[in-house]
Amino acid sequence: MTNRPRRSRLALAASATLGSVGSTLLIAFSVPVQAQSPTAAPERIEITGSRIRSLAAISSSPLQVIDARDIAASGATNLQQLLLKNPVAASPAISRTNSNFSTSSAGVATIDLRNLGTSRTLVLINGRRTVAGVPGESAVDLNTIPTEFIERVEILTGGASSLYGSDAVAGVVNIVYKRHFDGLSLDAQVGQSEEGDDKKKKFSLTFGSRGNDGRTSLMGHLAFSDQGAVFSRDRDASSIDQISRGTRGPAAARQPGDLFIADRPFFSGFTPQGYFFTDNNTFTYNRAGQPVGANTNGTDGAEATGFNRTQFRTIALPTQRALLATKAEHTITDAHSVFMEGSYALTKTRTELEPLPLASNDILPARGGQVPAGRIVNGQLVRNPFVPDHIWNDISDTDGDGVPDYFFTRRMSEIGNRGNQADRDTFRFVLGGRGEIAGRISYDAYVGYGATKEAQTTSGQVNVLNFRNALDAVRDTNDVDGDGDRNEVICADADARAQGCVPINVFGRGAISPAAARYVGAPGSLTTSTTQRVAGVTFSGDAMQLPAGPLGYASGLEWRKEFARSEFDALAQAGLNGGNAIPPTSGGFDVTEAFVELRVPLLKDRPFVKALNATLSARASDYSTVGNVSSWNTGLEWSATADLKLRLSRTQSTRAPNINELFSPPSQTFPTGLSDPCVGVTATSTGTVSERCRATPGVNANITANGGTFAATQADIQGISGFDRGNPNLKEEVGRSTSIGVVYAPGSLGPVRNLTLTLDYFKVDIADAIVLTPRQFALSQCYGGNASFCRFVTRRVNATGPNSAGSISFVDSEQSNSGGSGVEGVDLTAAFALPLAGGRLNTRLAWTWLKDGFEVPLKSAPRDRFAGEIGSAKHKAALDLGYSLGAFGIRTTTTYIGKSAVDDQFLAGNFTPAGRVPAGSVTVPAKTYLDLQATWQVQKRVELYLGLDNALATRAPLIPSGASDASTTGAETDAATYDPIGRRWYLGVRASF
């Protein structure tokens, strides 16, 4: 008689469809335990959601599982692509389609559960922490995970800090690698988009064997993948610079119906030929090199003189990966074994965007951007020979030094495109032992080390100090360099000449010589290092026998030490490369923790009570940064019958601040999509906003200069900067979560015995949330009456070059425990399998209703509700269908993202008076994506597969620049939520030997 796995009916129903197709399946009651030989002890196992190893591992919280067959059916290159199809996963903070403008960590793949942020989702490998992929953060880079090496991925939603420690506020993603493998398998795949880009190539090899009479196992994995770039210029929606019509003009006159109408072109005034601001005119050059007045967007039929930035931007970053993973285990005795896990990942990414925009006030900030058009030599005014007549004849001395001045803006095309190339190395090694003591106590002990290092080189920046020297040019009439040429142009400063100074001509397209470009160009660099040291031991077993069953327990100790360092080159740190000033960040912490978990059987085999169990767990942690913190969990599981189960859990989870939140010095950024509340204010308008705006230096000068109404120019809109800074006085966040669920698996009803239904209510509230004060919120509060926020806002007192008096120069932000966050909703899953027409049909549905979601930037501030907004749709679903017949199979995954609205805070800031446009009234339509994969078993061990992603070529909703904070620069949509690439195909082969 063949031994069969021992499972509960609910487990049988759940596993009937496990691994059939695409997305996820909630494991309702237990994970199967394989039957042993008559003389072998049954194996106790552990699943995510409990540290207690038992014969039937039970989770009182919702647990969803993706297995190796799901991963294969998706055709995904990295795990993030598959996880994002699950409705419990929110739009990621970082992916290859939303990080082209990142100064670091571009192309990293992260995961965010429940819309609560990447830092509140804990990623584990085999139940243990792994090193972060973003320096100073806790987020793991899923690019480093070898997908074909995975046995399953367990997704636990809800607070789990009492079991796994800090960061598990929204939930846990536990990646479980294959434990044993015999033989050799390979997977090779090629593909591309229907536009001919997004080319991908993937190859993996998995191998393993057992020896020493099965007591020793060794397995390894090699993988390579190459994903090509997708450029903005190759998609109609993003090929031309544009801006939302609904954000132009005075806020009181804007129409919400215009938000998703793109005004194009909306070119940049930073151009390769330059814009030059004189006393009475703004000069530039046409394509023939002739001086003309500036007409950035080409109005009234004139030639556009502006610059199309999207011609150079990237939607999807090219990403290359090489992965190596190994596992080994040796059984010392029947009760004790040692194990080793090791992995190495090399990831290469490349960003590319338009050449550097440079203004004269970046070069000469102390002079307000006034560039001397010459110099005084022996009491005489000597003109810079590069300054053309039409400029010279329309400028005067504006600062009293005797030399006429001009301002300029310019696109540094001669230096080359901006971008960075990053090489990331991630290494992880774990050594441990596990077994049983006296046949009653299970133990698992380990030590581990992980490190992520990044070496990044950047291009397209300038050396501001060299540029300053190069602008100061004279004709060498005295032949000071001794070369006999008295007509050449040289740098005026002798020390600068001795250091290789080359004079620069900024007047016109291509005017900068190659030698000058080399002199002012400044390739940059970034080096980062993240290390993690961990150790832990867990003991579990049955403490005693109670009337309703054994009292299970688990207890243990854990220790962790983390350090991160991030350091840009010296020019970048000082802000002397024409870009952001980014000082180095360095810091670390250590934590010692103790935890205990109990599973208490209360009743068993009573009327209406098949089983009733309580779960209790607690963790105490001692951090070197925030001190002592605690977390706990309580749960109740009631099996009314063998087919019906109810569950309830209440948890307190904590998240300690990460290294960046604690130790980041002020770091410059250039935010987009901000709306100035003062736009449209007049000299006589009434109300708090008008009064506070007019009280700000520079605003009245702007009102006077613009005929009585405050206005922001295109340069003002595009010229806002700011600084983000950490806070070493931060404390831990505290999250409270509640979940109530029901599981129904009618294994006793023949026609639907393979059906599993689950319904779970969830609610998470986070107090003392660590937040960066939202910039638009700070602007709205400052001018709405809360003066405490005005410390974040700096305006220009006087007009400077292309920027108007009173325009916003800086909007800063700071980390604090002043916020709050929370979500509430319902999850529904259904799975069913049945024989059909000689084959087998498998179906699965996962649906999430996000009833409420909110953030609070300050405890005294009203809740900013985000449920139903872009990136946080109220309704999300994934439907998987699979049918197999003989050697053939077809699988489909349909992903649904419900109608989504523009952020209400964005509406309040862009359409005055506040409340004129109701929250939720401006929406983008629902989107449905269909993915297909067909398989053909050519031989017993060889399978061909063909797939189509986004088979219906569903277009992402157009969200032009300025229409929403969710718009991804260069993609003209929310590229973290919607597919900005289009239909893609792939072809592959799998073989095993």
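Colleague: Which residues touch the most other members of the largest nonpolar core?

Modeller: This is a predicted model. Its largest nonpolar core has 38 residues. L83, I111, L142, I150, V153, V173 and I175 touch the most other members.

Colleague: Take I111. What is I111 in contact with, leaving aside neighbours within four places in sequence?

Modeller: I111 contacts L83, L84, A89, T118, T121, V123, L142 and V173. L83, L142 and V173 are also among the residues that touch the most other core members.

Colleague: Now helices. How do I read the sides of one?

Modeller: An α-helix has 3.6 residues a turn, so residues three or four places apart point the same way. Then check burial, where under 20% relative accessible area counts as buried.

Colleague: Why is helix α15 largely enclosed by the rest of the structure?

Modeller: Seven of the 10 residues of α15 (residues 775-784) are buried, so the helix is largely enclosed. The buried ones are R775, Q776, F777, A778, L779, C782 and Y783.

Colleague: What follows α15?

Modeller: G785 does, with a positive phi near 130°.

Colleague: And strands? What is the general idea?

Modeller: In a regular strand the side chains alternate between the two faces of the sheet. Next, look at the pairing. β41 (residues 839-856) and β43 (residues 875-885) pair in the antiparallel sense over 10 bridges. L841 of that pair stands opposite Y883 in β43.

Colleague: Which residue stands opposite A878 in β44?

Modeller: T895 does. β43 pairs with β44 (residues 888-897), antiparallel, over 10 bridges. Their hairpin has two residues between the strands, and G886 takes a positive phi near 60°.

Colleague: How many bridges join β21 and β22?

Modeller: Four, in the antiparallel sense, between residues 374-377 and residues 380-383. G374 stands opposite R383 in β22. This hairpin also has two residues between its strands. N378 takes a positive phi near 55°.

Colleague: Where does pLDDT stay under 50?

Modeller: Over residues 1-43. The model has 129 contacts beyond four places in sequence for that stretch. For the chain, the mean pLDDT is 90, and 94% of residues reach 70 or more.

Conventions:
Residues are numbered from 1 along each chain as its sequence is written. This is a predicted model: local features need pLDDT of at least 70, side-chain atom pairs count only at pLDDT 80 or more; totals for chains, interfaces and linings use all residues. Side-chain values use heavy atoms; hydrogens and water are left out. A nonpolar core is a set of buried Ala, Val, Leu, Ile, Met, Phe, Trp, Tyr and Cys residues joined through side-chain atoms within 4.5 Å. Buried means under 20% relative accessible area, exposed over 50%, partly exposed in between (1.4 Å probe, protein chains only). Contact means heavy atoms within 4.5 Å. pLDDT is the predictor's confidence in each residue, from 0 to 100. Two strands pair if DSSP finds at least two bridges between them.
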